[in-house]
Amino acid sequence: MRVIAADSLGFCAGVRNAVRIAWDALRRAEREGVPCYIYGDIVHSRAVMDPLIAAGAVRIGSPEGIEPGIVVIRAHGIPDGVRARFQELGFAIEDATCPVVIRSQRLVRESMRPVIIIGNAGHSEIVSLMGSGKDCFLAGCPDDLLSMPVGSYDAVVQTTFSRPMAEEIARKADEIGLSIRFLNDICPASMERRHALEAILPEVDAVVVCGDSTSRNTMELVSLSEQHGRPAFLVSSPSSIPGEVFSSGTIGLTAGASCPDTLIEEVRRRLCDG
């Protein structure tokens with residue numbers, strides 16, 4: 001069996017930096033004898049979170065009712081009010097928010113128009129953007145625009161959102177008379193991984209996508225493969241590779257931006273060993 005890896009896969013610069021910040025914070029907490037917390041998941045990957053938890057980090061969902069210590073802000077950011085509450089309670093904040101998300105939060109805060117946040121409801125980045133200091137509309141599909149008054153809006157897109165869906169939302173806005181000015185775009189790293197996968201799809205029979213099902217950019221790679229008529233197999237470890245993969249002639253290999261290099265290499269070796 002032949003394995004063709006995409007030219008761009010795995011950790012992006014923002015994720016790599018966030019993971020480094022989390023481990024540095026854990027070591028600092030050990031030196032200072034204080035708890036180390038991570039607000040939610042630093043990134044959507046058990047392969048990243050499990051070692052941090054095993055080493056002593058504590059995943060939390062609120063600053064309330066716990067001993068103050070060091071708290072690491074996840075790569076997708078947090079609402080302004082939650083950050084302020086951590087500060088009020090005396091937590092030391094280590095901010096691992098991706099620079100692309102920080103820019104999106106700033107764009108929302110500074111906009112002089114009503115803002116439409118385009119993305120997946122409940123996603124941690126959407127939660128952080130919706131909590132950036134002003135009232136916003138959320139649109140995850142074209143029909144979500146139907147209840148909005150006709151007028152002019154600014155729009156900020158979730159960094160890992162589906163490009164085709166964002167384009168459908170933009171077309172729907174034109175149809176119903178909403179004037180939308182897009183302030184950002186899909187994260188360049190996410191688009192790089194999608195373009196790199198598209199480049200190898202004509203050469204492969206199926207695709208193995210390394211990553212976690214909770215990662216939106218990872219699941220977009222799965223969807224992209226299937227849209228091009230290639231079966232896609234999401235794997236979180238070498239042992240989770242389905243047996244049917246090994247009957248394929250040529251396998252494409254890619255990984256979401258939250259997937260560690262070590263996991264990609266382990267999966268690659270398993271595929272090559274057959």
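This report looks at the overall build of a predicted model and then at the packing of two of its helices, H7 and H8.

## The chain as a whole

The protein chain holds nine helices and twelve strands. Its radius of gyration is 20 Å, close to the 19 Å from the globule rule for 274 residues, so the chain is as compact as a globular protein of that length. Along the principal axes, the C-alpha atoms fill a box of roughly 60 × 55 × 25 Å.

Of the 274 residues in the protein chain, 51% are buried. If you take the contacts between residues at least 6 apart in sequence, 71% of them join residues at least 24 apart.

## How H7 and H8 pack

Two packed helices are described by the angle between their axes and the distance between the axes. Here is that description for one pair. Helix H7 spans residues 188-200 and helix H8 spans residues 216-227; their axes come within 10 Å and cross at roughly 25°. Angles under 35 degrees count as roughly parallel, and H7 and H8 are therefore roughly parallel to each other. Their crossing is right-handed.

Which residues make the contact? On the H7 side they are Ser190, Arg193, Arg194, Leu197 and Glu198, and on the H8 side Asn217, Glu220, Leu221, Leu224 and Ser225.

Definitions and conventions: Residues numbered from 1 in each chain as written. Predicted model: local features only at pLDDT ≥ 70, side-chain atom pairs only at ≥ 80, totals over all residues. Heavy atoms only, no water. Axes fitted to C-alpha atoms, helices over the stretch in contact; angles between N-to-C directions. Helix = DSSP H or I, 4+ residues; strand = E, 2+ residues; numbered from the N terminus. Parallel < 35°, antiparallel > 145°, perpendicular 65-115°, else oblique. Left-handed = near helix turned anticlockwise from the far one by under 90°. Contact = heavy atoms within 4.5 Å. Rg over C-alpha atoms; globule rule 2.2 N^0.38 Å. Buried < 20%, exposed > 50% of the residue type's maximum accessible area, 1.4 Å probe, protein only.
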